[in-house]
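Work through the exercises below with the sequence and the model side by side. Try each task before reading its solution.

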Amino acid sequence: MSDPRAPQGDDYSATVLGSHWFSGPPAAPEVTPDRVEGSVLRFGPGVTAAMPAPFPVTVTAPPARPRRGAGLRRYTLAAVVLLAVLAYLGWQRYGPALDVRDVAVTTDPKGPACDAAADVVAVVRTNGRPGTLTYRWLRSDGTRSERLTERVPRGQREARLHLLWTFRGTGTYPAKAELELLSPGQQTAAVEFTYRCSP
């Protein structure tokens, strides 16, 4: 029985089939990966174990940046304390110089006894700074002392300077003792008294 669809003619052979008769097995569909992560391919529906990367990968977090101003505040407090200490020490050492506020000279108003010495005392009040007083005594009999010095320590606000004036003999003698302050500054102060000695 012949196939009516088969071509008729001398060239026809039953062993030769046209390509429209051959379908063959179906071609495998192309499979695309779900996603690509680096050098590891993952195919669905399941998840396979990741293959190790061809080189070691190290992930480091960026260093934390210090807050702006935090270190500055810490050093500012230390700097303020240091400056305060230095200012205090500088004031103690290089602060205002010794300054004389007042000078007063006193003695016993009754005067010395016969053949005794009058204790004349000069009280020099200062600002409490350390320094040296330079002075001399002048007496009404024409005697003048050499230049004398008195060291005043820090914190002492008063210096007492003594003059011992000795009298001999009988009679009456009006006397005057004067302190001449030469430095710091120049000031004078004096006291008058009378020496009496009856025979």
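Two strands pair if DSSP finds at least two bridges between them. Helices (H or I, at least four residues) and strands (E, at least two) are DSSP runs, numbered from the N terminus. The model is predicted: local features need pLDDT of at least 70, side-chain atom pairs count only at pLDDT 80 or more, and totals for chains, interfaces and linings use all residues. Residues are numbered from 1 along each chain as its sequence is written, and side-chain values use heavy atoms, with hydrogens and water left out.

**Exercise 1. The overall inventory**

Task: list the secondary structure elements of the protein and give their order.

Solution. 
- Step 1: order them. From the N terminus the run is β-β-α-β-β-β-β-β-β-β.
- Step 2: check burial. Buried means under 20% relative accessible area, exposed over 50%, partly exposed in between (1.4 Å probe, protein chains only). Of the 199 residues, 23% count as buried.
- Step 3: Accessible areas come from the Shrake-Rupley method with a 1.4 Å probe; for residues, only the protein chains shown count as cover. The protein exposes about 15,600 Å², and carbon and sulfur atoms supply 57% of it.
- Step 4: look at contacts, meaning heavy atoms within 4.5 Å. Among contacts with a separation of 6 or more, 61% come from residues 24 or more positions apart.

**Exercise 2. The open sheet**

Task: find which strands form the open sheet, and in what order.

Solution. 
- Step 1: read the order. Three strands line up as β3-β4-β7, with antiparallel pairing.
- Step 2: name the edges. β3 (100-106) and β7 (158-166) each pair on one side only.
- Step 3: take the angle. Axes are lines fitted to C-alpha atoms, for helices over the stretch in contact, and angles run from 0 to 180 degrees between N-to-C directions. Neighbouring strands of this sheet are turned by 15 degrees against each other on average, direction ignored.
- Step 4: count bridges. β3 and β4 (residues 117-126) are joined antiparallel by six bridges. As one example, Asp 102 has Arg 125 in β4 as its bridge partner.

**Exercise 3. From β5 to β9**

Task: trace the pairing of β5 with β8, then of β8 with β9.

Solution. 
- Step 1: β5 and β8 run antiparallel and share six bridges.
- Step 2: classify Thr 134. Its relative accessibility is 12%, so Thr 134 counts as buried. Its contacts beyond four places in sequence include Arg 147, Glu 180 and Leu 182.
- Step 3: move on. β8 and β9 pair antiparallel over eleven bridges. There, Ala 175 has Phe 193 in β9 as its bridge partner.
- Step 4: inspect the turn. β8 and β9 form a hairpin with three residues between them. Gly 185 in that turn has a positive phi of about 75 degrees.

**Exercise 4. Aromatic pairs**

Task: explain why the pair of Trp 165 and Phe 193 is edge-to-face.

Solution. 
- Step 1: set the rule. Rings of Phe, Tyr and Trp (its six-membered ring) pair if their centres lie within 6.5 Å; planes under 30 degrees apart count as stacked, over 60 as edge-to-face and the rest as tilted. The count comes to five aromatic pairs.
- Step 2: apply it. The ring centres of Trp 165 and Phe 193 are 5.8 Å apart and the planes stand at 85 degrees, so this pair is edge-to-face.
- Step 3: locate the partners. Trp 165 lies in β7 and Phe 193 in β9 (residues 187-197), 28 residues apart, so the pair links distant parts of the chain.
- Step 4: check burial. Trp 165 is buried at 2% relative accessibility. Phe 193 is buried at 4%.
- Step 5: widen the view. Ring pairs join Trp 165, Phe 167, Tyr 173, Phe 193 and Tyr 195 into a cluster.

**Exercise 5. A buried alanine**

Solution. 
- Step 1: Ala 118 is in β4.
- Step 2: Ala 118 and Tyr 195 are 77 residues apart in sequence, yet 8.8 Å apart C-alpha to C-alpha.
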